[in-house]
Amino acid sequence: MSAVSSPFPSTIVTGGTIGSIVVGCKLQVLHGNPPEYRKAEVLSIRPSPNAEDAARCDYYVHYSDYNKRLDEWVTPERLNLHGEIEYPKLKKTKTVLGIGKETGKASEPGTPSSSSRGNKNRKSNLSKAVTAGKGADGSTGPGTPGTPGSNKRKAAAMEESGGSQGKGAGQESASLGTLMDGDEDEDDNASSVANGDSATPAGTILDESGGVFSKEQEIEKLRTSGSMTQNPHEIARVKNLDLIQIGKHEVETWYFSPYPSEYAHLPILYICEFCLTYFPGLKQLARHRTKCTLQHPPGNEIYRKDDISFFEIDGRKQKVYCRNLCLLSKLFLDHKTLYYDVDPFLFYVMTIRDDDGAHLIGYFSKEKESSEQYNVACILTLPQYQRMGFGRLLIQFSYELSKVEKRLGSPEKPLSDLGLLSYRAFWTESIVALLVEKHKSGTELSIDDIASITAFQPSDVLHTLQNLNALKYYHGQYVIVLSDTVIKNAERVAKKKKREVDPKALVWRPIQFTATQLRFL
Amino acid sequence: MKNVGARFRNRKINNKQLLRVYRASEIPDLDESLSLQRSIPQTETGVDKEEESEHHLQAAISASNLSTTTGEVTALYIPTPDASRKIENYRQFYTKTFTEPSTLIRFSSTVEDCIGCPYNMDHDDEKWLVDFNAKRSSTEKLDEDHFELIMWQFEKITNERVPYLQLDSGQIPALEDLRATFIGAQLSGVKAFAGDVYPWWQDRRIKRGGKIITPQLKFEEVVRNESDPYVCFRRRESKPVRKTRRTDQQSIEKLRKLRMEMESARSLLEMVSRREKVRKESLVLEHMIFDQRCKVREYRRNLGIKDDDEDMQSSLKKKNRKLGEPSATIRIPLNFKDRDTPASQDESRRDRSALSSIETELARRREDDVGWEDLTDNPYQQFLAPYSQQCFRVLPHQRNGKYVSFRKRIGRGGRIHIDRQYARPRYPFKDPYQKDLYGQTDGQYTYDKFRFDDDSFDQEDIIDDLRDGYVFYSAIYS
């Protein structure tokens with residue numbers, strides 16, 4: 001498709017042909033049930049499978065303001081070619097970026113403006129420089145019309161800040177700069193709020209000067225600890241698998257996972273539900289199943305209550321299983337990174353037992369030694385078991401382990417949207433229950449007290465109390481106020497029949513690792 | 001509103017501050033606006049900045065906010081792709097039944113141990129095998145397990161011998177080389193088929209460009225720093241071992257020393273406490289002995305036995321002697337008694353003879369001293385004065401409340417000097433008639449010598465008490 005390039009870069013046009021759609025275009029796409037048009041960005045184009053017309057293509061689209069898990073391949077019929085189509089900006093080279101910066105600086109003294117407006121100014125200058133640069137070597141660029149005039153310039157700037165996501169993987173390093181500039185306005189606001197709270201963990205996601213974590217910084221950080229990538233560009237944008245079959249279930253995948261590239265875009269990847277080995281075909285799965293003897297995760301069972309069990313698995317000892325587990329979970333976790341090996345993690349696998357064996361429901365991984373007091377690295381309930389209260393069980397279990405360790409814990413950041421909601425629900429439920437009890441006995445307690453009883457980090461406690469709108473100022477001091485609706489909600493939640501982790505059923509002592517065992521080689 | 005200044009002071013909430021828990025109905029006079037002024041900065045959600053604004057997440061968050069403020073319950077879920085379909089033919093693949101052990105499972109076998117032959121034949125293999133078997137009689141058919149075994153043996157040996165086959169597929173091992181590795185009970189059974197399977201395997205392997213037939217994960221990047229999303233599970237470069245700095249070493253040394261000292265102090269204290277315990281025990285025993293002796297005495301008195309009173313004493317002495325303790329005046333801690341070994345017994349016997357001679361000597365002296373009062377029985381013995389001082393002799397009479405002492409010495413040219421000095425006697429009291437080294441009593445000797453030596457005319461005394469030398473002497477030797 002690269003032969004068809006946009007005649008109108010960085011511009012919005014109304015109407016177009018299917019042939020003019022390139023990677024990076026933004027247009028209205030039919031989505032959902034009932035179907036309606038939603039703005040989406042084309043991330044990839046591939047020839048349609050099983051189509052007579054060789055030129056017919058499928059389009060991988062990302063709906064704006066939707067999570068990436070809803071990205072999908074769509075047929076050309078679902079694209080609204082009559083509406084507005086926003087074409088991607090042209091790529092720029094690093095040298096051009098340098099020029100842009102200089103011109104930006106030069107222009108600043110002349111414009112009396114706030115810092116944020118200064119940024120905008122710089123940006124527009126930058127984009128002007130880019131287009132000018134492109135125009136200069138117009139022989140390579142496809143007929144670039146110079147975009148003079150402030151109107152056009154403004155449009156370009158807006159587009160840039162709106163989303164620089166239209167870059168292919170190859171252009172990521174160049175587009176990084178744009179993204180930083182575009183986000184700066186928002187970040188300024190955010191940091192002015194955040195600065196009031198000195199407890200903001202510095203440098204986790206943004207650092208003041210550089211904006212987004214550099215790749216080197218991130219990899220260095222991952223080498224010593226952590227399992228999440230902070231850099232949105234580290235995440236492959238087009239998922240490589242559509243459907244997996246695991247045990248009884250057929251599950252649509254959500255994100256990219258680095259299963260061998262030979263398996264990319266298979267209609268179904270078959271996964272043995274006990275050893276998590278993956279196969280491209282049913283015959284291989286059937287053959288494997290005649291030989292595989294596993295009927296539960298290959299580790300020590302540390303908890304059993306009714307049909308739920310937890311197995312503890314050391315990443316160093318069970319490399320193949322843990323790698324398979326990570327590959328599987330990466331299908332459903334966007335920010336999980338498999339950059340480094342599984343050695344520094346322990347995996348706590350939750351299973352449900354029946355006559356066929358102990359079936360994997362979900363798991364969480366945990367660093368053997370967390371430098372930032374995380375008690376969970378990655379946590380996942382497999383999609384076929386979601387919305388059944390298992391996520392809550394996993395979270396509860398992770399805090400039970402922390403209680404045994406006599407430590408406070410918090411999940412590694414960034415959280416996913418689903419992760420945030422699950423954690424918030426659990427924190428709310430636990431804290432409200434505790435507060436109701438304390439209200440009855442009339443005892444006062446501090447945020448640290450709540451933290452030590454629940455093993456939540458104080459910041460998470462504070463976060464929850466804020467969400468409950470429970471911190472009030474009354475008669476010259478802070479108090480916790482439980483509104484009637486909060487209590488009603490808590491009673492409603494408590495009434496639901498659900499599984500609970502029974503701390504008595506946990507047979508576990510924290511494993512102590514020596515310094516050499518933690519050197520990972 | 002009394003204190004306007006305090007109203008606007010935004011005190012941060014302290015994690016250690018005790019907070020009272022109220023229900024909203026209990027404090028109707030709560031001033032919401034005051035709380036708003038003191039609003040605590042929002043903590044971060046922990047969700048990636050770019051994703052925080054996503055439509056469904058925001059909808060879910062505002063729905064939950066709504067339920068805390070108004071109580072309106074809206075079950076709002078973030079939509080996720082479908083996961084509800086189930087397959088029909090599960091039983092076809094999963095046939096084993098699971099019986100759970102009654103105790104918690106402990107399991108350390110790895111996946112590799114549990115999956116048998118790692119090669120799993122695919123559809124193409126199956127087709128080839130069916131074709132192959134069709135041409136053969138039922139006795140010489142190759143079954144799937146054996147087929148996989150052969151394929152895996154080819155793969156395994158090839159990977160060991162030519163790990164970089166994909167770079168040069170011409171190096172593919174020949175059949176004979178591979179067949180030679182079919183050793184062992186299982187493999188030699190299928191060796192006959194190796195030649196039949198080899199062309200098929202070779203074909204597949206070459207089609208894969210020399211790579212192993214079953215696709216593998218990519219662990220290492222071919223080109224450094226090129227971000228290939230398919231590369232995963234990289235090895236971590238080992239962290240350089242942190243060099244211990246000198247200061248660290250020094251403090252470790254100090255800590256070690258401190259620990260050693262603490263330990264030795266502790267062991268000393270332990271020993272002391274042990275000693276004290278033993279001492280206490282011995283006291284108790286002694287007390288018991290005393291009690292019983294008292295009893296014995298009482299019995300004796302009651303029974304009218306009187307003559308054996310001496311035995312009582314001597315038995316005590318005997319006992320002491322048996323223990324080897326000379327009846328010396330030095331008091332030895334009681335627990336030392338126990339340490340005496342039999343070897344020291346004859347030593348104590350020798351001591352005893354010496355002791356008896358001392359005793360006879362003492363008896364003789366006592367005889368001599370009859371009619372005299374013995375005032376020398378003072379256990380305190382002063383150290384000897386320097387030799388030059390020892391030569392002074394004290395005159396037995398006082399002058400101006402002081403004793404005068406003198407000495408004779410020979411100076412240059414044979415001149416004889418007599419030094420005098422006022423001095424208190426070096427001993428609290430010196431018996432003038434105690435016999436000295438020359439067998440004479442000091443008293444007689446000096447008395448005789450100075451009987452007529454009267455200094456009464458010598459009123460203008462040449463000795464000045466306050467002369468430095470005398471002060472010095474008196475300070476040191478008195």
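Axes are lines fitted to C-alpha atoms, for helices over the stretch in contact, and angles run from 0 to 180 degrees between N-to-C directions. Helices (H or I, at least four residues) and strands (E, at least two) are DSSP runs, numbered from the N terminus. This is a predicted model, in which local features need pLDDT of at least 70 and side-chain atom pairs count only at pLDDT 80 or more, while totals for chains, interfaces and linings use all residues. Residues are numbered from 1 along each chain as its sequence is written, and chains are lettered from A and ligands numbered from 1 in the order in which they are written.

**Helix packing in chain A**

- Helix H8 (residues 390-405) of chain A packs against helix H9 (residues 417-441) of chain A at an angle of about 65°, the axes being 10 Å apart.
- H8(A) and H9(A) are therefore roughly perpendicular to each other (65 to 115 degrees).
- On the H8(A) side the contact (C-beta atoms, placed from the backbone, within 7 Å) is made by Gly391(A), Arg392(A), Ile395(A) and Gln396(A); on the H9(A) side it is made by Ser422(A), Tyr423(A), Ala425(A) and Phe426(A).
- This contact of H8(A) with H9(A) has 4 nonpolar, 3 polar and 1 charged residues, where Ala, Val, Leu, Ile, Met, Phe, Trp, Tyr, Cys and Pro count as nonpolar, Asp, Glu, Lys and Arg as charged, and the others, Gly among them, as polar.

**Sheet in chain A**

- An open sheet of 5 strands runs in the order E13-E14-E15-E16-E18 (chain A), with antiparallel pairing (two strands pair if DSSP finds at least two bridges between them).
- Its edge strands, each pairing on one side only, are strand E13 (300-305) and strand E18 (379-381) of chain A.
- From one strand to the next the twist averages 20°.
- H8(A) packs on this sheet and touches E14, strand E15 (345-354), strand E16 (357-367) and E18 of chain A; the direction of H8(A) makes about 45° with that of E16(A).

**Hairpin in chain A**

- Strand E9 (residues 243-246) and strand E10 (residues 249-252) of chain A pair in the antiparallel sense over 4 bridges, and Ile246(A) stands opposite His249(A).
- Between these strands lie 2 residues, and in this hairpin Gly247(A) takes a positive phi near 60°.

**Contact between chains A and B**

- The contact takes 106 residues from chain A and 86 residues from chain B.
- Helix H6 (residues 282-291) of chain A gives the largest share of the chain A side, 8 residues.
- E10(A) also pairs with strand E2 (residues 85-86) of chain B, in the antiparallel sense over 2 bridges; Glu250(A) has Arg85(B) as its bridge partner.
- Strand E21 (residues 477-482) of chain A and strand E1 (residues 20-23) of chain B pair in the parallel sense over 4 bridges, with Val21(B) the bridge partner of Ile480(A).

How values were computed. Parallel < 35°, antiparallel > 145°, perpendicular 65-115°, else oblique. Contact = placed C-beta atoms within 7 Å.
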